[in-house]
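Please read the points below with the sequence and the structure open beside you.

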Amino acid sequence: MEEPLIPVVLMSHTAHIRSHRKPRRSASSSIAMRAGVAGGVLSMAAAGASATANAAEPVTQTIELPTLTADVADQLAQSADATQLAAANYELDAQRDAAAAAAAKEAKKDLAEAKKKAEAKKKAEEARRAAAEAAASRSAERTTLSASASTGTDVAAPASDSIGRVISFLRAQVGDAYVMGATGPHAWDCSSLVQAAFLEGGVHLPRVSQDQSMAGTDIPLSQIQVGDILYWGGKGSAYHVGVYIGNGQYLDAANPSKGVVIQDLSGYPASGAVRVL
């Protein structure tokens, strides 16, 4: 009987050194490795089969969103309510600010208007007072001039008295010629003489007799005073003017034959009178 042959494994010339020896695989490691390889082959086969099976049908995947809990929903609702309330408050504040600004602007405007009215009222009162004082002064002046006319004496009027300056100017022109359309200094017609005389008193009158009869305030002939303008003809269509100087007399540029003269009103009654001073 032949003896079995024993295989001879050649060892490395460094095999006797422990650190140079290759570690032996244990039986369990070999078994695990074989199992892993087999499993991998089976897995690949299964995956291939699955891929083949799934190729015919599309894969549909449904993702479910988390459901909000009641507490979270309440918190979101409260947050929305708070945001809406804050927005409403901001809008209300803006409206209040706008209303306050408008009220302040209106109050400032009313104050300015009140000041303006107060100033206008003050000026009107001062003007009324000045007019009253001027009227009183003119009244006294007319009285003085009337007295001088009644006695036949000339009284020099103070420089500040407008009526006195008018009468003084007229008296200074007595004896000048009458020339239709002339405006002085030594020849006049009726309206140019009246215009120049009142300019001395600070009053600007229209040039012609028709317009001069429309100036100032109408005065009844029974109440005429020194310095009133007399006119002959209709109001607005007067053909002649002169100035009353008191004591039933008037001064005018009468006509080419008389020139500038003083005449009695009774001899040539006027149609009307106006007062400009």
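1. In this predicted model, helix H3, which covers residues 162–172, packs with helix H4, which covers residues 190–200, at an angle of about 140°, and their axes are 7 Å apart. Two packed helices are described by the angle between their axes and the distance between the axes. Angles over 145 degrees would count as roughly antiparallel and those from 65 to 115 as roughly perpendicular, and H3 and H4 are therefore oblique to each other. The crossing of these two helices, H3 and H4, is right-handed.

2. Which residues make the contact between H3 and H4? From H3 come Arg165, Val166, Phe169 and Leu170, while H4 contributes Leu193, Ala196, Ala197, Phe198 and Glu200. Sorted by type, the residues of this contact of H3 with H4 are seven nonpolar and two charged, with no polar ones.

3. Gln212 deserves a careful look, and its place is in helix H5, which spans residues 209–212. Is Gln212 buried or exposed? Buried means under 20% relative accessible area, so Gln212, at 0% relative accessibility, counts as buried. A polar atom of the Gln212 side chain lies 2.9 Å from the backbone oxygen of Pro206. If neighbours within four places in sequence are left aside, Gln212 is in contact with Ser191, Val194, Gln195, Leu205, Pro206, Arg207, Val241 and Val274.

4. Most residues other than glycine have a negative phi, and most peptide bonds are trans. The peptide bond from Gly184 to Pro185, however, is cis, with omega near 0°, and Pro185 has its place in the loop between strand S1 (177–178) and strand S2 (187–188).

5. The other feature concerns Asn247, which has a positive phi of about 60° although it is not a glycine. Asn247 lies in the loop between strand S5 (240–246) and strand S6 (249–255). With a relative accessible area of 43%, Asn247 is partly exposed.

6. For the chain as a whole, the secondary structure comes to five helices and eight strands, and read along the sequence these follow the pattern α-α-α-β-β-α-α-β-β-β-β-β-β. Of the 277 residues of the protein chain, 25% count as buried. Among contacts between residues at least 6 apart in sequence, 51% join residues at least 24 apart.

Technical notes:
Residues numbered from 1 in each chain as written. Predicted model: local features only at pLDDT ≥ 70, side-chain atom pairs only at ≥ 80, totals over all residues. Heavy atoms only, no water. Helix = DSSP H or I, 4+ residues; strand = E, 2+ residues; numbered from the N terminus. Buried < 20%, exposed > 50% of the residue type's maximum accessible area, 1.4 Å probe, protein only. Polar contact = N/O pair within 3.5 Å; in protein donor to acceptor, adjacent residues only side chain to side chain. Contact = heavy atoms within 4.5 Å. Axes fitted to C-alpha atoms, helices over the stretch in contact; angles between N-to-C directions. Parallel < 35°, antiparallel > 145°, perpendicular 65-115°, else oblique. Left-handed = near helix turned anticlockwise from the far one by under 90°. Nonpolar A, V, L, I, M, F, W, Y, C, P; charged D, E, K, R; others polar.
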